[in-house]
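Hi,

Here is the structure I promised to pass on.

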Amino acid sequence: MSQVKNWEVNRIAASLGAEIHNTDLACIGGDEVQVIKELLLEHKVLFFPGQTISLDQHVELGSHFGEIESHPNLQNPYTDHDKVFELAASTGGIADEWHTDLTFMEEPSVMSVLHMVTCPEVGGDTMWTNLCQAYDELSEPMKDLCESVNALHDALPHNRTDKMMVHPVVRIHPETGEKALYVNEHFTRRIVEMNANESEVFLGYLTRWVQSPRFTVRYSWTPRTIGIWDNRCTQHMVLNDFEGERIIHRVTIMGDQPRRASDSKYEPWTRRGNKSDTSRQDRQLKAYYRSLSQAN
Ligand SMILES: [Fe+2]
């Protein structure tokens, strides 16, 4: 593990998360970037309190880790910078369902860099969960089942159910080789190889399982803290237990295509020609596969 002089790393939960002290992220060089990358692979979410950083410096910080992307669906009227996405509680920006960012995209962002600009005096913590541990602690038959199926994700929370993508339920982290359980209650709609009833029960089980407290860390913010998380192997949610304003600035780093743990061995349910092809629950799945065949 590389080191930077004076940086102090404190783990804050058994599963994931570390707080890093004595840092100044406004202008960092190659050594610091390398250390942050290594720490992120180890701890999955990092917190850097006490930063003073401008919008441009925030974008520059993110660009050390890859190309910055704009939000695909939501308007960004609050900042002058088109790469910095602002979420304000007063305008409805409270992400209080568990999610991995933007999983309805073909290549969901690999990481996010969040600047806590304004936070309430009490409440408004964020929780993250470790999707690799959530996978590891499944039973062997459940792991087999999860690895053999895929899930449909959509942008319903942004009123765009037409934006859909199928990803494997278990993905391989491209840098660590770890397996992560890749379904979330916010964007994941359907296990594509199961009928609608089976999918509802199974997906409900998995999305609750990843929220088990022992896989999580809870962070209590102070203003001017930077949080960086690996979006390939975590989920997060804001605790909506506060009053007053809470404003975050976020940049996201362009993504990669989730790599599956093993080959798919089952056909999508809608391709089997069974009667429920015409059922209401299957319409979206059919629309997804129709759009794929039209694109080819
Ligand atoms: Fe998020």
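Predicted model: local features only at pLDDT ≥ 70, side-chain atom pairs only at ≥ 80, totals over all residues.

Before anything else, a word on angles: axes are lines fitted to C-alpha atoms, for helices over the stretch in contact, and angles run from 0 to 180 degrees between N-to-C directions. Two residues count as in contact if their C-beta atoms, placed from the backbone, lie within 7 Å. Helices (H or I, at least four residues) and strands (E, at least two) are DSSP runs, numbered from the N terminus.

Residues are numbered from 1 along each chain as its sequence is written.

First, the whole chain. The protein chain has six helices and 17 strands. Its radius of gyration is 19 Å, close to the 19 Å that the globule rule gives for 296 residues, so the chain is as compact as a globular protein of that length. (That radius is taken over C-alpha atoms, and the rule is 2.2 Å times the number of residues to the power 0.38.) Of the 296 residues, 40% are buried. Here "buried" means that 20 or more other C-beta atoms lie within 10 Å of a residue's own, "exposed" means 12 or fewer, and "partly exposed" is in between, with C-beta atoms placed from the backbone. Among contacts between residues at least 6 apart in sequence, 78% join residues at least 24 apart.

Two strands pair if DSSP finds at least two bridges between them; β8 (residues 150-155) and β12 are joined by three, and run antiparallel. In this pair, H153 stands opposite T188 of β12.

The C-alpha atoms of A151 and R190 are 5.4 Å apart, although 39 residues separate the two along the chain. Leaving out residues up to four places away in sequence, A151 touches V166, H167, V169, V183, T188, R190, I191 and V192.

There is another open sheet of three strands, ordered β13-β7-β15 and also antiparallel. Its edge strands are β13 (216-219) and β15 (234-238), each pairing on one side only. Neighbouring strands in this sheet are turned by 20° against each other on average, direction ignored. Four bridges join β7 (residues 126-130) to β13, and W128 has V217 as its bridge partner there.

Last, take a look at helix α5 (residues 196-209). Which of its residues are buried? They are S199, L203, L206 and T207. Seen down the axis of α5, these buried residues fall within an arc of 95°, so they line one face of the helix. (The arc is that of the directions from the helix axis to the C-beta atoms.) The face turned away carries the exposed residues N197, E198, V201, G204, Y205 and R208. What covers the buried residues of α5 includes β11 (179-181) and β12 (188-191).

Cheers
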